[in-house]
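Here is a short report on one protein model. Keep the sequence and the 3D view open as you read.

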Amino acid sequence: MSRREINTKNLWTTFSTLLNAIIALVLIAAMCILLQKPLLDFLDQPSYTEEELATMAKKSQERRIKAEADNWDLVKNGIHVKTGLKADKNIKMIIGACTSCHSAKLITQNRATRQGWKNMIVWMQETQGLQDLGTKEPIILDYLAKHYA
């Protein structure tokens, strides 16, 4: 091996090491730039006392309860949350036909046979101005007899 070959080999080794160091520094700098905002945001997170956390949890729960109460489609444990009526495939028809004139509580607090519910519908038509329910009547009677007999 000549002296010139040894010097060239040392130069290439030095150059390769230097190039790797520069690449590593550039990658570290790029990562620092990219992660600077998320890292600062993480470090700037506020700390809360137990009282503040309890207050925030209570407000969050109140917002959830209000959102549930305002949700016309929400059903929990088989009960339509907004009206308190038992959920069923025809619940929207029942709500539309019955609660446009009176509270759903008037339904949930009463019990009757199918004929008893039919008599109440006839009474509402004769004295309270309820219009003929047409093809909806058998569906409504089925619902009432099934869930509030």
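Which helices do the buried residues of H5 pack against? They pack against helix H4 (105-108) and H6. Contact here means heavy atoms within 4.5 Å. Helices (H or I, at least four residues) and strands (E, at least two) are DSSP runs, numbered from the N terminus.

**Basis and confidence**

This is a predicted model: local features need pLDDT of at least 70, side-chain atom pairs count only at pLDDT 80 or more, and totals for chains, interfaces and linings use all residues. Residues are numbered from 1 along each chain as its sequence is written, and side-chain values use heavy atoms, with hydrogens and water left out.

The pLDDT is the predictor's confidence in each residue, from 0 to 100. The protein averages 90, and 95% of the residues score at least 70. Confidence is lowest in helix H1 (residues 3-43), with a mean of 85. It is highest in helix H6 (residues 136-147), at 97.

**Helix H5**

Helix H5 (residues 114-127) has 14 residues. The expected span of a helix is 1.5 Å times one less than its number of residues. For H5 that should give 20 Å, and its end C-alpha atoms are 20 Å apart, which agrees.

Gly116, Trp117 and Ile121 are buried in H5. Seen down the helix axis, the buried residues of H5 fall within an arc of 145°, so they line one face of the helix. The arc is that of the directions from the helix axis to the C-beta atoms. Gly129 follows H5 and has a positive phi, near 85°.

**Asp88 and His147**

Asp88 sits in the loop between strand S2 (79-80) and helix H3 (91-98). His147 belongs to helix H6. What joins the side chains of His147 and Asp88? A polar contact of 2.9 Å does. A polar contact is a pair of N or O atoms within 3.5 Å; within protein, one must be able to donate a hydrogen and the other to accept it, and residues adjacent in sequence count only if both atoms are side-chain atoms.

The side chain of Asp88 also reaches the backbone nitrogen of Asn90, at 2.9 Å. Leaving out residues up to four places away in sequence, Asp88 touches Tyr143, Lys146 and His147.

**Accessibility**

Buried means under 20% relative accessible area, exposed over 50%, and partly exposed in between (1.4 Å probe, protein chains only).

| Residue | Relative accessible area | Class |
|---|---|---|
| Cys98 | 11% | buried |
| His147 | 14% | buried |
| Asp88 | 16% | buried |
| Ser16 | 36% | partly exposed |
| Cys101 | 62% | exposed |
| Asn77 | 82% | exposed |

**Cysteines**

How many disulfides are there? The count comes to 0, where a disulfide is a pair of cysteine sulfur atoms within 2.5 Å. The sulfur of Cys98 is 8.7 Å from the closest cysteine sulfur, in Cys101, and that is too far for a bond. Cys98 is buried, whereas Cys101 is exposed.

**Two other sites**

Asn77 lies in the loop between strand S1 (75-76) and S2. Asn77 is not a glycine, yet its phi is positive, about 50°.

Ser16 is part of helix H1. Ser16 and Phe42 are 26 residues apart along the chain, and their C-alpha atoms are separated by 38 Å.
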